[in-house]
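Here is a quick tour for anyone about to work with this model. Have the coordinates open as you read.

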Amino acid sequence: MKCRIAGYIKHSLVNGPGIRLVLFFQGCPHHCRGCHNPDTWDINGGEESDTSDIIELIRSSRHISGITLSGGDPLLQSDAVIEIAAAAKEMGLSVWCYTGWTIEKIRSGETSVNLKVLDYIDVLVDGPFIEDLKDEKLDYRGSSNQRIIELKN
C-alpha cells in the first residue's frame with residue numbers, strides 16, 4: 001500500500017515513553033496556528049512510500065520500544081496506519097498516534113478515518129494544537145486541550 005511520508009526520526013525520547021521511531025505522515029486538514037510542522041500540511045508533499053518499506057525500516061531499527069505516528073495527521077491515511085501499526089504490534093512494539101481530531105469526532109463518523117485504526121493504537125494524543133493553550137511543561141503534547149488517551153485500558 002502507498003502512503004505519503006514527510007520523514008522520520010529513528011530514535012526519539014520526546015514523542016512518547018522510551019526510545020521511539022517517529023513517522024511523520026504528510027497531509028493535514030487542521031492547519032493549526034503555531035503548528036511546528038506546517039510543511040506537512042500539503043497532502044501532495046513529502047514522498048510517496050510503500051508501507052512494506054516503512055515496516056522494514058521499523059523491523060531493522062534497534063533499541064526501540066515503540067513507534068509514534070505524527071504528522072501532518074496520520075489518521076488522514078488511516079488504512080496505511082492500520083497496516084504499519086499492525087506490523088509494529090506483531091513486533092511487540094507500542095503504538096502512539098497524534099491526531100488533530102478528537103476521539104469523539106473520530107468515533108462519531110464525522111471524519112473519513114477508518115475506525116478499525118483505533119484497534120491498533122495503544123495511546124492516542126487527540127485534539128488540535130491551540131497556540132493560546134501552549135504549555136511547554138506538558139509531557140508528550142503541545143497544548144493543554146490535547147489529551148493522552150490510553151485506548152488499550
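Helices (H or I, at least four residues) and strands (E, at least two) are DSSP runs, numbered from the N terminus. With that in hand, Ala-85 is a residue of helix H2. The model is predicted, so local features need pLDDT of at least 70 and side-chain atom pairs count only at pLDDT 80 or more, while totals for chains, interfaces and linings use all residues. Residues are numbered from 1 along each chain as its sequence is written, and side-chain values use heavy atoms, with hydrogens and water left out.

- Helix H2 takes in residues 78-90, with Ile-82 among them.
- The expected span of a helix is 1.5 Å times one less than its number of residues. For the 13 residues of H2 that gives 18 Å, and the end C-alpha atoms are 18 Å apart, so the two agree.
- Buried here means under 20% relative accessible area, exposed means over 50%, and partly exposed is in between (1.4 Å probe, protein chains only). Ser-78, Ala-80, Val-81, Ile-82, Ile-84, Ala-85, Ala-86, Ala-87 and Ala-88 are the buried residues in H2.
- An α-helix has 3.6 residues a turn, so residues three or four places apart point the same way.
- The cover over the buried residues of H2 includes strand E1 (2-12), strand E2 (20-25), helix H1 (51-60), E4 and strand E5 (94-98).
- What does Ala-85 contact, leaving aside its neighbours within four places in sequence? With contact meaning heavy atoms within 4.5 Å, the partners are Val-95 and Tyr-120.
- Leaving aside neighbours within four places, Ile-82 is in contact with Asn-114, Lys-116, Val-117 and Tyr-120.
- The C-alpha atoms of Ile-82 and Phe-24 are separated by 15 Å, and the pair is 58 residues apart along the chain.
- Just after H2, Gly-92 has a positive phi of about 80 degrees.

**The largest pocket**

- A pocket is found on a 1 Å grid over the protein atoms alone: it is an open set of points where a 1.4 Å probe fits, with protein on both sides within 12 Å along at least five of seven lines, and lining residues have an atom within 4 Å of a point.
- The largest pocket has a volume of about 620 Å³, taken as the space filled by probe spheres set on the points, which are joined across faces, edges and corners.
- Its lining has 29 residues, and His-36, Ser-70, Tyr-98, Gly-142 and Gln-146 lie nearest the centre.
- By class, twelve of the lining residues are nonpolar, 15 polar and two charged. Ala, Val, Leu, Ile, Met, Phe, Trp, Tyr, Cys and Pro count as nonpolar, Asp, Glu, Lys and Arg as charged, and the others, Gly among them, as polar.
- Ser-70 sits in strand E4 (residues 66-70) and is buried, at 9%.
- Not counting residues up to four places away in sequence, Ser-70 touches Val-22, Leu-23, Phe-24, Phe-25 and Tyr-98.

**Cysteines**

- How many disulfides are there? Taking a disulfide as a pair of cysteine sulfur atoms within 2.5 Å, the count is zero.
- The closest cysteine sulfur to that of Cys-32 is in Cys-28, 6.0 Å away and therefore too far for a bond. Cys-32 is buried, at 14%.
- For Cys-97 the closest cysteine sulfur is also in Cys-28, but at 11 Å that is too far for a bond. Cys-97 is buried, at 0%.
- Cys-3, in strand E1, is buried at 3%. Among its contacts beyond four places in sequence are Glu-47, Ile-54, Gln-77 and Ala-80.

- The peptide bond from Gly-71 to Gly-72 is cis, with omega near 20 degrees, and Gly-72 belongs to the loop between E4 and H2.
- His-63, in the loop between H1 and E4, is a residue other than glycine with a positive phi, near 65 degrees. His-63 is exposed, at 67%.
- Tyr-140 is not a glycine either, yet has a positive phi of about 65 degrees. Tyr-140 lies in the loop between strand E6 (123-126) and strand E7 (147-150) and is partly exposed, at 27%.
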